[in-house]
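Thanks for coming, everyone. Please bring up the model on the screen.

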Amino acid sequence: MSERKVLLRLLRLLTEEKGLFLTALVLVTLSSFFQPLRPYLYRYVIDHPLQEKNIPALLEWGALLFALTGLHAIVMRGQTLTTQKLAWTISQRLRYKLFEKVLRLTIPSIEKYPSGILYTRTLTDTQTLQSTLAETLLVIAGELFQLTFLVLLMFFVDPLLAGITLLTMPLGLLTSRYFSQKIRQSFTRVRTYIARLNGYLQELLHSRELTEALGVEKNLWSRFLRLNRAYYLSYRRVIGFFALFFPSMEIVTLIGLAAVLLTGSYLIYTGQSTLGALIAFTLYQQLFFRPFRIIADQVNSLQMGIVSAQRIFRLLDHPQEEPTGGVTPSTPPPYPVAIRQLSFGYTPEKPIFSHLSLHWEPGKIYGILAPTGRGKSTLFYLLLGYYEPQEGEIIVGGIPISKWDKKRLREIIAYIPQEPLIFEGTLRENLTLYRPIADEVLWAAAEKLGIYPHVKEWSLDRMVTAGGTTFSGGERQLIAFWRAALRNPAIWILDEPTAHIDPDTEKLLYSRLRFLAQNAIVLLVAHRPEAHTHCDELIHLSHTHAA
Ligand code: ATP
Ligand code: MG
């Protein structure tokens with residue numbers, strides 16, 4: 001998407017809030033009149049009431065100028081409030097849309113994004129865009145209005161002095177362009193280093209135990225120091241440029257001022273101009289370069305905002321969404337499952353299954369056997385509808401899963417993965433997934449599942465960290481079992497559910513398999529031969545069915 005298109009789309013976003021946008025625009029325009037107007041009025045006051053020593057008129061003018069300043073303050077306050085509100089409203093809406101989008105993306109398209117990217121889009125990019133919307137666009141518009149009005153007034157006051165002021169413009173433009181480019185480049189470097197520092201720290205925290213065990217802290221520490229120093233130096237460069245930028249602009253202004261003063265004095269001497277006009281011009285001189293400086297500065301933020309907007313729009317326009325809607329069988333579960341001529345590979349040239357056909361009946365326990373990496377978990381992902389097969393289909397309850405309402409499909413499947421997902425919240429929230437389920441129902445489910453003796457000491461209010469690190473591996477699996485049992489699933493998928501569980505608990509869980517299979521299909525992946533004695537049928541993916 002080109003920059004122009006992004007800008008147009010941003011403008012369209014702004015106009016979505018018509019009332020706020022128009023109010024902001026009116027206030028910005030109004031406020032840009034005040035500054036240039038003031039020197040113009042000073043000129044009149046100096047040339048007339050002051051020179052004529054008309055005290056009452058001077059007092060009146062004083063009151064008028066005072067009122068004008070007050071009015072300006074009120075307009076500026078209104079401008080800030082409306083532009084901020086406008087930006088907030090739009091960025092909140094965008095953030096919400098992005099969040100919705102991220103949740104709806106299909107698993108393969110989520111896998112394509114590095115994990116940090118989706119996070120950055122929804123949080124950081126919307127933040128950047130917000131300040132672009134709130135400040136940059138309207139500030140640039142305001143400064144342009146002000147500059148136009150200023151130039152018009154200057155020519156009105158004194159065309160010759162106005163011409164001299166304009167002569168210094170190229171010098172000011174060149175200076176501000178040079179520095180803003182340098183500053184932009186150095187800022188890019190600053191951002192790169194901060195991103196590296198972020199990434200590095202994140203990596204370190206994730207593998208803290210490993211690094212401590214290996215005793216490599218010293219090397220890590222020195223790498224951190226190096227990055228930190230590079231970050232500091234890059235920032236110092238930015239500050240260095242800023243420190244040169246402002247004085248340089250000051251010098252350009254002074255050159256202009258000197259030219260105006262010299263010419264102005266001559267004009268007064270020859271009677272072609274007035275003292276009021278000269279004083280007005282010394283003020284205009286100061287005002288004249290301000291917009292250039294501000295616009296140069298804002299163009300940097302605008303570019304950053306455009307980059308953020310570009311990324312946000314790209315994600316919002318991303319086509320691969322989980323389809324909503326679909327059908328469900330007319331009868332309630334249990335449902336048989338038929339896999340017909342299924343072929344699939346994450347990349348088509350590396351097939352994991354080709355023409356796999358299977359049939360699973362409710363009430364039965366199936367042991368799925370295959371060596372590591374052969375595609376057991378993949379088969380379950382296909383059953384859950386996370387990926388689409390290249391050929392063939394999976395039919396649940398007489399309906400191919402491509403036609404199923406995916407939400408409902410996943411509701412009737414209890415998938416207990418190798419590494420259960422535990423999120424930050426209370427134990428209760430981890431079990432109920434925020435549905436209103438009474439505590440008695442939770443405990444009854446644990447009892448039925450046979451895990452009650454292991455969990456009865458736990459408080460449902462216990463806070464759980466993300467990843468469930470305050471629980472043991474086995475306890476996490478018990479939580480996943482418990483959570484799944486609450487849905488009354490039609491298909492149980494147990495993907496090595498006892499990998500971290502002691503033999504006694506394992507035996508207990510296996511003794512409950514028959515109970516789980518009462519009204520459902522149970523698919524069990526387990527490497528230990530004892531587990532297989534509980535199965536009605538063993539399916540060897542490696543020999544018979546797979547590629
Ligand atoms: P394990 O017993 O170790 O759990 P598995 O039989 O469950 O193994 P899968 O996880 O289904 O094996 O993986 C099958 C193959 O597909 C492996 O070679 C794996 O590297 C590959 N694979 C798994 N997930 C993806 C993915 N998201 N993208 C690309 N390839 C993948
Ligand atoms: Mg697996």
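I will go from the whole chain to the sheet, and then to the metal site.

First, the ground rules. This is a predicted model: local features need pLDDT of at least 70, side-chain atom pairs count only at pLDDT 80 or more, and totals for chains, interfaces and linings use all residues. Residues are numbered from 1 along each chain as its sequence is written, chains are lettered from A and ligands numbered from 1 in the order in which they are written, and side-chain values use heavy atoms, with hydrogens and water left out.

Now the overall shape. The C-alpha trace spans about 115 × 55 × 50 Å along its principal axes. The chain has a radius of gyration of 35 Å, whereas a compact globule of 547 residues would come near 24 Å. That radius is taken over C-alpha atoms, and the globule rule is 2.2 Å times the number of residues to the power 0.38.

How is the chain divided into domains? The assignment gives domain 1 (3-316) and domain 2 (337-540). These bounds come from an automatic or database domain assignment. The two centres, over C-alpha atoms, are 55 Å apart.

Secondary structure next. The chain has 20 helices and 11 strands. Those are DSSP runs numbered from the N terminus: helices are H or I with at least four residues, strands are E with at least two.

One open sheet has five strands, in the order 6-9-10-3-11, with parallel pairing. Two strands pair if DSSP finds at least two bridges between them. Strand 6 and strand 11 (537-540) stand at the edges with a single partner strand each, so one side of each lacks a neighbour in the sheet. From one strand to the next, the twist averages 15 degrees. Inside the sheet, five bridges join strand 9 (491-495) to strand 10 (521-525). There, Ile491 stands opposite Ile521.

Last, the metal. Which residues give the protein donors of the magnesium ion, ligand 2? They are Ser377, through OG, and Gln418, through OE1, at 2.0 to 2.7 Å. Donors here are N, O and S atoms within 2.8 Å of the metal (3.2 Å for Na, K and Ca); water is not among the atoms, so sites may look incomplete. Ser377 lies in helix 11 (376-383) and Gln418 in the loop between strand 6 and strand 7, so the pair ties together parts 41 residues apart in sequence.

Buried or exposed? Ser377 is buried, at 16% relative accessible area. Gln418 is partly exposed, at 34%. Buried means under 20%, exposed over 50%, and partly exposed in between, with a 1.4 Å probe and protein chains only.

Technical notes:
Axes fitted to C-alpha atoms, helices over the stretch in contact; angles between N-to-C directions.
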